[in-house]
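I opened a new notebook page for this chain. I wanted its overall make-up and a few residues looked up one by one.

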Amino acid sequence: MAFFMSPDVLLSEKLLEVLYIVMGLVVMYTGIKNATDKENPHPIGTAIFWCSLGVILIFGRWIPAEVSGVIVLIMTLPPIFKRVSKGKQSEPSAEYSEKMAEKIGPKIFIPALSIGIFAIIFALFTTLGALVGVGVGVFVAMIILRLYSKDNKPRVFLDDTERMLSTVGPLSMLPMLLASLGAIFTDAGVGDVISQLVAQIIPKGNVNIGIIVFALGMVLFTMIMGNAFAAITVMTVGIGGPFVLAYGADPVLIGMVALTCGYCGTLCTPMAANFNIVPVAMLEMKDRFGVIKNQLIPAVVILVFQIAYMILFK
């Protein structure tokens, strides 16, 4: 198949392979570091989880699907038995952090912005895709941080990444697993079942009602699954395609805005743990659902605006 691919597609594929390998090596580092950490209460379980994930990221494109499935099952065992934890964290002192904050000031946001900027540039002006742009942006951000301070050596980036992964823990896998679940639901025909149920409620040809149901369905399904990317496939097959797009609505506009409708659901669900539950733990908030409660009203306002936008410009 590679013989028939364009050079740009082949380059994009190769760059993605490199990015996955780099990510896998970083994840493997997290597992190996925790395996040798005497302060980690569960070093073996932690190492099995992260090293298994690293193997999938590095070799997942080449090893048989059955082998990948077995590795994923092995990876899930330590979290199930609560044997994944974090060990000793190498954090900078408060004095050092304060000193660097005074030295760098607002420029600290430039590395983070560079990631988004490169994602946009690669998405709009190249055929390589936004994901490759994100990877390039990360390396650019590292170079900028190195220019800010000679203390930012490769080991610092590795340790900071390990600290972040260890803090988030197995929840870092939730978005990927939920996105995979969306693909499974689509292949299993869940979208067709939803289409049959909705057909009994929505009169065919009423695009406006179809848009409203499509948007609300995106919100509800995202709240259930915790991932708008998982919801968009099922909802488009079940509602978006037969009740909206089939009657002439702009697929680009409807598809993009429907996805952002799903993000409104992301703001309202504990299933989106990396957005709504992890920050609560990291900030040691007393109210477990404090983040979600503060996002409910903005989510409703944004959703209403997006539905109106789709109806007006469909």
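My entries follow, from the whole chain down to single residues.

**Ground rules.** I am working with a predicted model, where local features need pLDDT of at least 70, side-chain atom pairs count only at pLDDT 80 or more, and totals for chains, interfaces and linings use all residues. I number residues from 1 along each chain as its sequence is written, and side-chain values use heavy atoms, with hydrogens and water left out.

**Whole chain.** I looked up the secondary structure and found 15 helices and zero strands. Helices here are DSSP runs of H or I with at least four residues, strands are runs of E with at least two, and numbering starts at the N terminus. The C-alpha atoms fill a box of roughly 65 × 50 × 45 Å along the principal axes. I then checked burial: 37% of the 314 residues count as buried. Buried means under 20% relative accessible area, exposed means over 50%, and partly exposed is in between (1.4 Å probe, protein chains only).

I looked at contacts next (heavy atoms within 4.5 Å). Of those between residues at least 6 apart in sequence, 72% join residues at least 24 apart. The accessible surface is about 18,300 Å², and carbon and sulfur atoms hold 73% of that. These areas come from the Shrake-Rupley method with a 1.4 Å probe; for residues, only the protein chains shown count as cover.

**Nonpolar patch.** I found a nonpolar surface patch of about 870 Å², with Ile 108, Phe 109 and Leu 113 among its members. Patch residues have over 30% relative accessible area and no salt bridge; nonpolar side chains (Val, Leu, Ile, Met, Phe, Trp, Tyr) are joined within 5 Å, like charges within 9 Å. Ile 108 sits in the loop between helix 4 (94-104) and helix 5 (109-125). Ile 108 is partly exposed, at 42% relative accessibility.

Ser 114 is in helix 5. Its relative accessibility is 6%, so I list Ser 114 as buried. What does Ser 114 touch, leaving out residues up to four places away in sequence? I noted Gly 137, Val 140, Ala 141 and Ile 144.

Ser 68 lies in helix 3 (residues 65-80). Ser 68 is buried too, with a relative accessible area of 14%. Beyond four places in sequence, Ser 68 touches Ile 56, Gly 60 and Ile 63.

Cys 264 belongs to helix 12 (residues 251-266). Cys 264 is buried at 4%.

**Salt bridges.** I counted six. The test is a side-chain nitrogen of Lys or Arg within 4 Å of a carboxyl oxygen of Asp or Glu. Asp 159 and Lys 33 meet in one of them, at 3.4 Å, N to O. Asp 159 is in helix 7 (residues 154-168) and Lys 33 in helix 1 (residues 7-35), so this pair ties together parts 126 residues apart in sequence. Glu 162 also pairs with Lys 33, with the closest N and O atoms 3.3 Å apart. This pair again links helix 7 to helix 1, across 129 residues. Glu 162 is buried at 2% relative accessibility, and Asp 159 is buried at 12%.

I then checked Arg 155, which bridges to Asp 159 at 3.3 Å, N to O. Both lie in helix 7, four residues apart, about one turn of the helix. Is Arg 155 buried or exposed? Arg 155 is exposed, at 53%. Shared partners join Lys 33, Arg 155, Asp 159 and Glu 162 into one salt-bridge network.
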